[in-house]
Amino acid sequence: MSNAPKLARCEDVAPLLVFYTCDELTAEERGQIEAHLANCGECRQQLSEEDALHSAIDEMPQPADRLESSGVLLAQCRSELSESLDELSAPKVDEGWQPFGFVRQWMALRPGWSAAALLLVGAIVGTQAFQWLPFSTGASTGSPVNVLAASKISDDQLSKMEVSGVNFSRPGGTIQVQLQAEQPLTLTSGEDDADVRRVLTFVISNSDRFDAGVRLDCVEALRAAAMDPQARGALLAAARRDQNPAVRLKALDALRDVVANADVRDVLLETLQRDPNPGVRVEAVNLLVRSLESSDDAPEALPDVVGPDSSPDGVALPSLPAAGKDSEQRILRALDELRQHDSNRYVRLRSAAALRQIGLQNLQ
Amino acid sequence: MPLFRWGLALADSSGRTSGSNAALATVTSLPSLDERVLVSEAQAGNRAAFEELVRRFDRDVLRLALNLMKRPEDARDVYQEAFLKVYRNLHRFRFECSFYTWLYRIVTNVCLDHLRRRQARPEDQAPEIHPNRMEEGPRDFFDYQKEHRPALDPERTLFGKEIQARISRAMERLSPRERIVFEMKHYQGLKLRAIGDALGTTEETVKNSLFRATRKLRSELAGLR
């Protein structure tokens, strides 16, 4: 190892002056440079320039001093970091196995292609798939199905509605029902048959919520639909339970054309026996007579249960047949019961007249 | 050590928002813990220990980021990105160097990425805030009056400001790596060896970067002499 100084020449010393200023040299290097500087004015001048630059750099205000003098930025950074760590620390939601996950991801990234692919698949399925399905191979053998349009009013709306009016247009037979709900609505028969019927039956079935005038209108409006089981059921319920006799009467009248039906006869009999209003009972008598008139299975002879002198007005009554169908038997018995025991004289007379009418009919 | 472990576990389970005195006592005792213990605890999933580590170093990290990026929003991004990287990769730290060096390696890499991105797309970047230029601000009548106090000789002040403005301009022409080396040497006061460790390179390479950076600055100031 030679003792001769390695850094004797200016070209060797000059590049190290930067590090001499920054105190980044070994003690040996520092000693050699200082030995050179003692004899070299040019390198001393260069060193003074390096020192000046170093001082200028040290004196320069740093951006951080100006931008973060208050500590607000540091607080913001800490807060944001804490939030990010919260998100990272939160337990991951276990999504589990997702069927067609790859396809779904692909579709989510390519909406245009996805739409085109779905349309294509839809077209292929629509045109081809039905050929392979068993029910499409031959002529349709199933019973026809009525497809009804979606209802305009929900059950909830129905329960909260008020009916402001039911209008009839006689020439066309059109019915308009005006509803006061959260959103006022007008239903017209023909366009909204199902909804009109629903509203009318709802009004009749909930007699305590709607006034008698509206109920009468609804019964009248349902008259044309008496053949429909739902409408007939509502009319029967009104005839049986409505607290207003005018409505009960109207409901019976609306059932005039369907009196041959067993359920109608049952209600008429019940009315006959239990309705407190004589006018309604008389109407029930009239309809029962009508039901027997229109029925093909009218009794051939009246049963012999009523004595010839038992009539209140002394009219001789035909004997009741010993045999007959149950319903007719029940009608005759009910009429006879009415004839003898009804509290109202007119009802008793009308019952006797009905029995006679039925008897004469059968005699003919 | 078991006592420390118990304390840290309690602090972690009670969380930062806990109001219990016991938890508070353990949280406040965290700053006194050895760095190695804190790192181990953080590696074991102790959030409080990790946050204590952040608090120990984040002031320097933010300062470095601000000096390099010269924009608070960029510095904030660097801060977030760097510490989240630290959090995610903490389990890889094997104590082969100091945590400080490892942390600075991540921070300087994030800064380099940001600076390179900025260089690649200067049109996307908002202008940097230059302290010298901002300090000048709007001048009024009194700024032009002669200063009689010798310490505040306006001529000298003006000359000093000119030098600083030129240094700032020259700094903008440095490469991202030169800029980081220069910053860490002059403003963070790190030794070249530590800078090399932080940048994942040799001391010789860092010396070269510093030498080139200084030469560029000197050439910018040449006309002033």
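This is a predicted model: local features need pLDDT of at least 70, side-chain atom pairs count only at pLDDT 80 or more; totals for chains, interfaces and linings use all residues.
Biologist: Is the crossing in which α10(A) passes α12(A) left-handed or right-handed?
Modeller: Residues are numbered from 1 along each chain as its sequence is written, and chains are lettered from A and ligands numbered from 1 in the order in which they are written. A crossing counts as left-handed if the near helix is turned anticlockwise from the far one by less than a right angle, and as right-handed if clockwise. The crossing of α10(A) with α12(A) is left-handed.

Biologist: How are α10(A) and α12(A) oriented to each other?
Modeller: Helices here are DSSP runs of H or I of at least four residues, numbered from the N terminus. α10 (193-205) and α12 (229-241) of chain A have axes 9 Å apart, at an angle of about 20 degrees; axes are lines fitted to C-alpha atoms over the stretch in contact, and angles run from 0 to 180 degrees between N-to-C directions. Angles under 35 degrees count as roughly parallel, so α10(A) and α12(A) are roughly parallel.

Biologist: Which residues of α12(A) meet α10(A)?
Modeller: Two residues are in contact if their C-beta atoms, placed from the backbone, lie within 7 Å. By class, this contact has five nonpolar, three polar and one charged residues; Ala, Val, Leu, Ile, Met, Phe, Trp, Tyr, Cys and Pro count as nonpolar, Asp, Glu, Lys and Arg as charged, and the others, Gly among them, as polar. Arg197(A), Thr201(A), Ile204(A) and Ser205(A) on α10(A) meet Gln230(A), Ala231(A), Ala234(A), Ala237(A) and Ala238(A).

Biologist: Which element gives the most to the side of chain A that touches chain B?
Modeller: In the contact between the chains, 28 residues of chain A meet 33 residues of chain B. The side of chain A draws two or more residues from each of α2 (17-21), α4 (41-59), α5 (63-67) and α6 (72-89). By class, this side holds 18 nonpolar, four polar and six charged residues. With 11 residues, the element that gives the most is α6(A).

Biologist: Which element of chain B has the lowest mean pLDDT?
Modeller: Chain B has a mean pLDDT of 76, and 68% of its residues reach 70 or more. Over residues 1-28 of chain B the pLDDT is below 50, and this stretch has 24 contacts beyond near neighbours in sequence. The highest mean, 93, belongs to α5 (72-89) of chain B, and the lowest, 41, to residues 2-14, helix α1 of chain B.

Biologist: How many residues of helix α9 of chain B are buried?
Modeller: A residue is buried if 20 or more other C-beta atoms lie within 10 Å of its own, exposed if 12 or fewer, and partly exposed in between. Chain B has 11 helices and zero strands, and 35% of its 225 residues count as buried. In α9(B), the buried residues include Ile180(B), Val181(B) and Phe182(B). Of the 11 residues of this helix (176-186), the number buried is eight.

Biologist: Is Phe95(B) buried or exposed?
Modeller: Phe95(B) sits in the loop between α5 and α6 (99-120) of chain B. Its phi is positive, about 65 degrees, although Phe95(B) is not a glycine. With 11 other C-beta atoms within 10 Å, Phe95(B) is exposed.

Terms used
pLDDT is the predictor's confidence in each residue, from 0 to 100. Angles under 35 degrees count as roughly parallel, over 145 as roughly antiparallel, 65 to 115 as roughly perpendicular and the rest as oblique.
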